[in-house]
Amino acid sequence: MNIRTENNNDELTMFIEGRLDTTTAPSLEAEISQNIEGIKTLILDFESLEYISSAGLRVLLSAQKKMNKQGKLLIRNVNEDVRSVLDMTGFTSILTIE
Amino acid sequence: MTMIIQLSVVGILPVIISLFLYLIDKKTKFSKLNYVTKQIIYGLVFGGLAILGTEFGVDLQGASANARDASVLIAGLLFGAPAGIISGLIGGIERYFATAWGAGEYTQLACTISTIVAGFTGAILRKYMFDDKKPSCLYALAIGLITEVFHMLMIFFTNMNDIDVAFSFVQKCAAPMICVNGLSVLLAVFVIELVGEKKRIGSKQKQITTEFTKWLLMTVLFSFIVISSFTIVLQVNIAEKDIDQLLSQGITDVKLDVTSVSDEDMLSVTHQIANAYEKASDIEELETQYNVSEINIVDEKGIITASTDERYLSFDMSEGEQSAEFLVLLNDKTEYVSELKPMTFDPAVYRKYAGVALKDGGFIQVGYSTTRIQQDIGSTISKVIRNRHIGKTGFVLVINEDYQLMTMDNGEEFNITDMPDISSLQKGERFTATVNGEESFLMAEETEGYYILSILPETEAFFSRNIAIYVTIFMEILAFVGMFILVYFMAKIIVIDNIMKINKSLSIITSGNLDETVDVRSNEEFASLSDDINYTVSTLKNYIAEATNRINKALEFSRNIQHSAMPTVFPPYPNRDDFAIYAQMNTAKEVGGDFYDFYLLGRNHLVFLIADVSGKGIPAAMFMMRAKTLIKSYAETGIDVNEIVQMANEKLCEDNDAEMFVTAWIAKINLQTGIMSYANAGHNPPLIKTADHSYTYLHSKPGFVLGGMGGVHYQKNELVLSKGDTVFLYTDGVTEAMNQAKELYGETRLEQVLSTCQDKEVEEVCASVKKDVDLFSDGAPQADDITMLCLQYKGVGEMKEFIRKADIATIPEATQFVEQQLLEVGLQKNIVQQFDIAIDEIVSNICHYAYPENDGKYVLQLLINHSRKRIQLTFIDYGSPFNPLEVKDPDVTAKAEDRDAGGLGIFMVKKLMDTVEYHYDQANILTIEKGYE
């Protein structure tokens, strides 16, 4: 998994490429916590995300909870497969997906 | 003594011969001869024996005793009616002609008749009274005795004009002949009964008739004894009276003779004295001259005018009773004699008077003393008595007052001993004494100073009495025997035969044929009984029909239990193509206890079994249910097959009051590897077909039956099935199916029919076997359930296995391993990714939770089934048992703040895969499966 970050004032966009699973989720979580200070809008771009497992979902949930306090979390460019996982797990109802 | 030994030999000979013949018939080829030949041989042998009896009888003072009749009777009673008749004719006819060379002529006709009659008697009694079987000992004895009684009676009847001789014959030989023949027949029956099987009158008939014949016999015996006693008493009385009459008649006759001699003599002396007196002689002189005791001259007025005894002078004759008798001389009588009597004047003195009328009127009376009379008549008296006979052999003797016998003028001498005191006897009283050494009856009477003795020997006295008793009793015996037989047969015909008829019908009815009717209508009572029985049977028939209906329902019910408990839908797993299974059960008319069963354990293990409960009916069905449930519940825990049967056995042994048991053959197959483990609890070995071999028996050491005994251990066997290998299970209903000839189907024939099923599908294999069994039994009723189960292992695609240390760092490697395979198959990427997610979730779970010490490993097995287009992944870890499927699904509708990430992973797996299954078998085994297009 590769993460490319674009920081624009208080808006942080993370482009996630590859698989967000047990082995990779901890690095995304670390990336978010390093850069989240003062961020009002966190955008996760899933255009290049192959799939997401429960470990990834757990990161999304904790990110959502954090951003609820300081701003908002936007999920962008969700492909069909990932969306079906998010639907299945009820994450579409707590996440803001553009 | 010698006579007894001789008689024993004579009587024993027929016994030995009959034993010999009997043994020959039992032990040698003789028994194979036909009936007629055998009867002729028996007849000839016993006829010969009868001739031997005639020729070599035991001499009994002129009569001859033998066992001729016994030989003939034995032939008829023991060896058959024709044999009896043949031997009777031989023995009888030979006896008739045997007189020509020395046999007794006197009993010729009697012996001939009785021998022939004995033959017919034995034959008829055997045929009609004993139902062509041997009589009992008691009857044998009776028949022997009675036949001889008849023989004796025949001697009388054939010699009626010479009854004395006949009687002497009978008296001599009756007892020995009756005993010898009776005992001979008895012994023959007894000996054969000892060595042979008891084949007397049928037991059932015996019971009915025994009581009856017992009472009949007792009644007849009682009547016989009463009548015989009466006859004896009557005959004795008649005989006594006859004896008295004979004796007294003799005395009277002799007395008359003696008196008339003496009267004549005395008168003649008196006439001489009267003549002398009229020539004016002195009466005193005359008294002396004629040696008389007294002379009286009586005048016309009856007064004694002169007497030698002065005391009598002037005595009026009319005053004395005795003297008055002489007054007849004053009228027309010229002479008169009185009896010898005691004198009125002096009773101690006996006087006999004779009177003669005198020419000048009056009469002269002369008195004689006893001595004077005897002096005159003594010489003539023996002449008087000599020709006197009492009966035939009796005679008369005279003794004087001193008991001295009168000497007989012909010199005959007599000798009487044991003489009682005659003077003390009453007149006409009979007494006994020994005359010339012979016991005799006597009677005595005094006359003219003598005692006249009439004598009759006892032998003659009782002759007619004895002959009457013999003949009467012999006749009575025959009459009562005839009566007994007549009543016996009447009762047999009227009662017992009808009872037997009814019994016969009843036994047909009780053996199950309720359509049989009883129809004995010979009299009203039996007709009514027949009607009652018929009515009862028809009522019973209705009840039975109802009960049968109920029982059939119960049987149907238990059959339903049996059937509903077993999987009957085939194919049972339509979406499995790694194995094929088929089973069928054809229940017998009465429900047996066969059952089969199979079930999957998880995805990869199949348990299948066949079993047979001992017994039939509802109890067997119930026991079968118990066994089946127990085995299944133990199988589902995942333990080895040997442990399944072992534990099921323990449970079945508890409370097994009915002492039932079940044989079972059970196997568990790992469908992935083809490894089949199996255990046998006393069941028939199954057959297995491999690629190389046709069906052969899969023998293994069979364990003990289930439910028989606790604490038994069972052996686990293993073998690896290859693709296409087939196992055929069956119960003994197949191998023990019977045809009309009661032959068993057998294991060889089963193996043969299966050899024609090499390439057949499981269902066809079962059908072929059933068809062959039906062909074999050819309509014979099916005795037991016929149950079969056929399993074919088809195998799965090649399985890939991946084993790593339980570390999340290995997850990419694992996903890559699977991805690579799946992409090769041409799976769409999104499907592959779903597997990736599943692998990620499951392996990470294992890595996180299975091994707290972080030292375990996990196994990933990948199976791609191309034909069914399905992917199967199995995750195995050896950590503590944990079923992830039991984790509660997360709430997917809660707000973010309320959410917990726990349980999401397995939840996703369940959503993404078609099936997710978990079971524990010494490891946590989680299998996921998903189809693809």
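Me: Contact means heavy atoms within 4.5 Å; so with that settled, where does helix H1 of chain A lie?

Reply: This is a predicted model, in which local features need pLDDT of at least 70, side-chain atom pairs count only at pLDDT 80 or more, and totals for chains, interfaces and linings use all residues. Residues are numbered from 1 along each chain as its sequence is written, chains are lettered from A and ligands numbered from 1 in written order, and side-chain values use heavy atoms, without hydrogens or water. Helix H1 (residues 25-35) of chain A lies across S1, S2 and S3 of chain A, at about 175° to S2(A); helices (H or I, at least four residues) and strands (E, at least two) are DSSP runs numbered from the N terminus, and angles run from 0 to 180 degrees between N-to-C directions of axes fitted to C-alpha atoms, for helices over the stretch in contact.

Me: And which helix of chain B packs on the sheet?

Reply: Helix H20 (residues 829-850) of chain B, which touches S2 and S3 of chain A and makes about 105° with S3(A).

Me: What's the strand order?

Reply: The open sheet in chain A runs S1-S2-S3-S4-S5 with mixed pairing (at least two DSSP bridges between two strands), and its edge strands are S1 (2-8) and S5 (96-97). S2 and S3 of chain A run parallel, joined by nine bridges.

Me: Switching to the interface, how many salt bridges cross between chains A and B?

Reply: Three, where a Lys or Arg side-chain nitrogen is within 4 Å of an Asp or Glu carboxyl oxygen. The side chains of A:Arg19 and B:Glu819 meet in a salt bridge at 2.4 Å, N to O.

Me: Which element of chain A gives the largest share of the side touching chain B?

Reply: H2(A), with eight residues.

Conventions:
Contact = heavy atoms within 4.5 Å.
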